[in-house]
Amino acid sequence: MSLEQIVFLIGFSFAHVFFPGHPTPLLLATGSMTRRNAWKFTFGMAIAHGLLDAMALGVGQFFLRMLTAAWPSGKFYLTNLDIPILAILGIFLVFEAFHCHQDEDGTKKKILDFKRPFLAGAAIGFIPGPDTIGYAMVGGALGLNGLAHALTATGVVFIGTALGFCSVTTVTGFFPSIIKSPKLGPIICILTALLCFASVGYRTWNTWQDWA
């Protein structure tokens, strides 16, 4: 792989975790977590999503070709998979913004107070994002010929994705009083949900125009 390809992959992998449809806002909305649990949640998410994107880049193009050969119209549905994913995430974020429950002591707690934050982060991280199918196409465009090139590319994608998630939790550590504010989580969730719904509307309109 060339240096330009490596720079592109690590930059895109780092940046894409901030695109709509990714669980990055959940990291910012976990102010009620301890820093230790927040990092457990982050590591689970970073490892799982990094592996998912790396596998999509390394072997996704192969499976994409097999699928489209057997189901020619399947590529249309796969490339528009981000629409339902964004819609579901937006609905969840709205629910998270307004929903809380009381524990045994009567203290209000957000639903993001996971008992096993690492496993919860890993489970969320393994959910395909809107760009997952894009990695399969990028892998084909790069022409990853040879095992060494494929391993380098997947390693770069994993590192870039993991750094993207970890950077969010690192930055929040510098503003503990703000992150701990009970008002911040709902605000982040609502703003991100609106962004998700705007993206759904835009993608649906473009898809309808192309289909029509």
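Predicted model: local features only at pLDDT ≥ 70, side-chain atom pairs only at ≥ 80, totals over all residues.
1. Of the 212 residues in the chain, 42% are buried.

2. On the overall arrangement, the chain contains 10 helices and two strands. Read from the N terminus, the order of the elements is α-α-α-α-α-β-β-α-α-α-α-α. When contacts between residues at least 6 apart in sequence are considered, 82% of them join residues at least 24 apart.

3. Helix α1 covers residues 3-16, a run of 14 residues.

4. The structure holds three aromatic pairs. One of them joins Phe8 and Phe12 in a stacked arrangement, with 6.0 Å from centre to centre and 15 degrees between the planes. These two residues are four places apart in helix α1, so about one helical turn separates them. The general rule is that an α-helix has 3.6 residues a turn, so residues three or four places apart point the same way. Phe8 has a relative accessible area of 42% and is partly exposed; Phe12, at 24% relative accessibility, also counts as partly exposed.

5. Another of the aromatic pairs is formed by Phe14 and Phe18. This pair is tilted, with the centres 5.8 Å apart and 55 degrees between the planes. Phe14 counts as partly exposed at 34% relative accessibility, and Phe18 is likewise partly exposed, with a relative accessible area of 41%.

6. Helix α5 spans residues 82-98 and has 17 residues. From its first C-alpha to its last, α5 reaches 24 Å, close to the 24 Å expected at 1.5 Å a residue. The buried residues in α5 are Asp82, Ile83, Ile85, Leu86, Leu89, Gly90, Leu93, Glu96 and Ala97. Around the axis they cover an arc of only 160 degrees, which means that they lie on the same side of α5. Turned away from this buried side is a face that carries the exposed residues Ile88, Ile91 and Phe98.

7. Is Asp53 buried or exposed? Asp53 has a relative accessibility of 1%, and because buried means under 20%, the residue counts as buried. Asp53 lies in helix α3, which comprises residues 35-70. Leaving aside residues up to four places away in sequence, Asp53 touches His16, Thr132, Tyr135, Val157 and Thr161.

Conventions. Residues numbered from 1 in each chain as written. Heavy atoms only, no water. Expected span 1.5 Å × (residues − 1). Buried < 20%, exposed > 50% of the residue type's maximum accessible area, 1.4 Å probe, protein only. Arc of directions from axis to C-beta. Contact = heavy atoms within 4.5 Å. Phe/Tyr/Trp six-rings, centres within 6.5 Å; stacked < 30°, edge-to-face > 60°.
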